[in-house]
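Dear colleague,

Here is the structure I said I would pass on. My notes follow below.

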Amino acid sequence: MKMVLADLASECFDESIELGEYNEMTAKIQRRVLAQIKDDQRRKHFAMRQALSIAIIAAVLVSLLTVTAYALGLFKLNKNHIPEEVTVHGEWIERDSEGNITDIQNLQYPGANLVFTYDCEAVPHYVEIKPGWLPTEGRGWGEQGWGTEGWFQFYHDEGDSACGQILYNVDVFYAVPGFQLVMMYQSEIVEETTWGEYEVTKIINHNPHWNDGAGGDDNYVLLFSPEHGYMIRVGGCLDMETLEKIAQNLEVRILDEEVEYDPDYNIGIINVGRG
């Protein structure tokens with residue numbers, strides 16, 4: 001009696017895969033095996049032992065496949081489009097050493113029409129970045145302080161004017177539950193695609209406060225890793241093609257340290273800025 005493990009496992013997947021279904025899948029495989037050998041009386045005893053062994057192996061295979069599939073997408077990025085009449089808001093809560101609330105800041109962002117949130121099944125790890133190509137020399141902040149070479153937490157060129165637009169800014173954000181990441185002012189998603197493991201979102205954002213109130217558009221290239229739960233923001237007033245080239249030539253390394261976050265601070269801003 002010949003049985004193919006892949007065939008046995010294939011009939012045990014429902015439309016959705018969930019962890020914790022080992023017993024149910026084993027039972028499905030066992031029923032399949034018993035159905036195949038029910039008319040084979042001469043070899044029934046031997047076949048039963050062999051079939052049950054195969055069933056166990058197949059169930060383990062299914063379990064491993066399930067875990068592998070689950071691990072490929074532990075994080076999800078949600079792009080929430082906000083109606084014009086709705087104001088985005090969140091809180092920053094301050095506490096004393098004993099955990100008592102001392103102050104609550106209610107933060108509001110009128111005019112924002114795009115907010116990012118996350119679905120999380122794990123805790124992300126911190127990452128560092130190393131630029132591979134830049135249109136101008138900037139500087140970054142890392143373990144050794146400010147510099148132009150090495151690994152950094154963020155890297156930027158803010159330009160020459162204190163009130164003008166920022167040329168480019170490369171930073172990292174992390175997927176944490178219950179957190180809102182606000183793109184202030186009016187934004188438009190112009191492209192959604194993939195680059196290898198990354199989900200890529202390209203955005204044009206109009207900031208009315210740039211250039212002494214004259215306003216100006218910023219472009220953004222966001223690289224989100226659904227496996228590791230971090231998002232790299234490459235944004236600034238340079239054209240989209242230049243920002244794409246910066247993003248495509250970045251090196252990224254994942255650190256051992258898990259991201260720490262405080263649920264008392266449930267909102268933040270993704271726009272490029274000074275300070």
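Helices (H or I, at least four residues) and strands (E, at least two) are DSSP runs, numbered from the N terminus. This is a predicted model, in which local features need pLDDT of at least 70 and side-chain atom pairs count only at pLDDT 80 or more, while totals for chains, interfaces and linings use all residues. Residues are numbered from 1 along each chain as its sequence is written, and side-chain values use heavy atoms, with hydrogens and water left out.

Helix α5 covers residues 240-248 and contains Glu-244. Glu-244 counts as buried because its relative accessibility is 17%, and buried means under 20% relative accessible area (1.4 Å probe, protein chains only). Leaving aside residues up to four places away in sequence, Glu-244 touches Trp-195, Lys-202 and Val-221; a contact means heavy atoms within 4.5 Å.

There is also an open sheet of 4 strands with mixed pairing, in the order β1-β4-β10-β16. Two strands pair if DSSP finds at least two bridges between them. β1 (75-81) and β16 (267-269) are the edge strands, each pairing on one side only. β1 runs antiparallel to β4 (residues 114-120), with 7 bridges between them. In this pair, Phe-75 stands opposite Cys-120 of β4.

On confidence: pLDDT is the predictor's confidence in each residue, from 0 to 100. The protein chain has a mean pLDDT of 82, and 72% of its residues reach 70 or more. Residues 1-24 have pLDDT below 50. Residues 58-71 stay under 50 as well. Where pLDDT is low, the predicted coordinates should not be read in detail.

Regards

Notes: Buried means under 20% relative accessible area, exposed over 50%, partly exposed in between (1.4 Å probe, protein chains only).
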